[in-house]
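Biologist: I'm new to this one. Can you walk me through it?

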Amino acid sequence: LTPGQIFGEFSLLTGEPRSATVRCESDAILLEIGEETMRPVLQQDPEVATTLSRVLSQRQAIIHERPHQSTAAGRPTTHEDRLFSRISALFGLN
């Protein structure tokens with residue numbers, strides 16, 4: 001990672017277990033943002049959850065492409081839709 005980049009966002013936003021270990025190769029200043037910080041931001045402006053879902057989906061697509069799934073009504077859902085649902089549920093945005 002380079003200065004200004006982030007890690008751990010998927011776990012923070014979806015409640016999933018962390019999927020990576022990060023070690024610094026040199027001294028670094030890190031900023032930790034937890035659920036207690038994100039909750040009021042997302043509750044004040046739920047559109048942020050939509051944007052974050054898009055970013056997470058794009059980052060994961062770089063790692064591996066996931067096929068679309070369908071809802072019970074047969075409507076295709078995107079990975080972004082599923083991420084948004086998980087973020088909304090975790091942070092009580094419904």
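Biologist: Which residue forms a salt bridge with Glu16?

Modeller: Arg86 does, and the closest N and O atoms are 2.6 Å apart. A salt bridge here is a side-chain nitrogen of Lys or Arg within 4 Å of a carboxyl oxygen of Asp or Glu. This is a predicted model, where local features need pLDDT of at least 70, side-chain atom pairs count only at pLDDT 80 or more, and totals for chains, interfaces and linings use all residues. Residues are numbered from 1 along each chain as its sequence is written, and side-chain values use heavy atoms, with hydrogens and water left out.

Biologist: Back to that pair. Where do Arg86 and Glu16 lie?

Modeller: Arg86 is in helix α4, and Glu16 is in the loop between α1 and α2, so the pair ties together parts 70 residues apart in sequence. Helices (H or I, at least four residues) and strands (E, at least two) are DSSP runs, numbered from the N terminus.

Biologist: Is Arg86 buried, partly exposed or exposed?

Modeller: Arg86 counts as partly exposed, at 29% relative accessibility. Glu16 is partly exposed too, with 33%. Buried means under 20% relative accessible area, exposed over 50%, and partly exposed in between (1.4 Å probe, protein chains only).

Biologist: How many salt bridges does a search of the whole structure find?

Modeller: Three. Arg39 forms one with Glu35, with the closest N and O atoms 2.3 Å apart. Both lie in helix α2, four residues apart, which is about one turn of the helix. Arg39 is partly exposed at 27%, and Glu35 is partly exposed at 32%.

Biologist: What about Arg54? Which side chain does it meet in a salt bridge?

Modeller: Glu80, at 3.7 Å from N to O. This pair links distant parts of the chain: Arg54 is in helix α3 and Glu80 in helix α4, 26 residues apart. Arg54 is partly exposed at 34%. Glu80 is partly exposed at 24%.

Biologist: Let's go inside. Which residues make up the largest nonpolar core?

Modeller: There are eleven residues in all: Phe10, Leu12, Leu13, Met38, Leu42, Ala49, Leu56, Leu83, Ile87, Phe91 and Leu93. The elements giving two or more residues to this core are α1 (9-14), α2 (35-44), α3 (47-63) and α4 (79-91). A nonpolar core is a set of buried Ala, Val, Leu, Ile, Met, Phe, Trp, Tyr and Cys residues joined through side-chain atoms within 4.5 Å.

Biologist: Pick Leu56. What is Leu56 in contact with?

Modeller: Glu9, Phe10, Leu13, Leu83 and Ile87, leaving aside neighbours within four places in sequence. Contact means heavy atoms within 4.5 Å.

Biologist: And Thr14, is that buried or exposed?

Modeller: Thr14 is buried, with a relative accessible area of 9%. It sits in helix α1. Thr14 touches Leu83, Arg86, Ile87 and Leu90, not counting residues up to four places away in sequence.

Biologist: Which backbone atoms does the Thr14 side chain reach?

Modeller: The Thr14 side chain reaches the backbone oxygen of Phe10 at 2.7 Å. The Thr14 side chain also reaches the backbone nitrogen of Glu16, at 3.3 Å.

Biologist: Now the outside. Which residues form a nonpolar patch on the surface?

Modeller: Leu1, Phe7, Val22 and Leu30, with about 420 Å² of accessible area together. Patches are made of residues with over 30% relative accessible area and no salt bridge: like charges are joined within 9 Å, nonpolar side chains (Val, Leu, Ile, Met, Phe, Trp, Tyr) within 5 Å. Accessible areas come from the Shrake-Rupley method with a 1.4 Å probe; for residues, only the protein chains shown count as cover.

Biologist: Where does Leu30 lie?

Modeller: Leu30 is in the loop between α1 and α2. Leu30 is exposed, with a relative accessible area of 59%.

Terms used:
A polar contact is a pair of N or O atoms within 3.5 Å; within protein, one must be able to donate a hydrogen and the other to accept it, and residues adjacent in sequence count only if both atoms are side-chain atoms.
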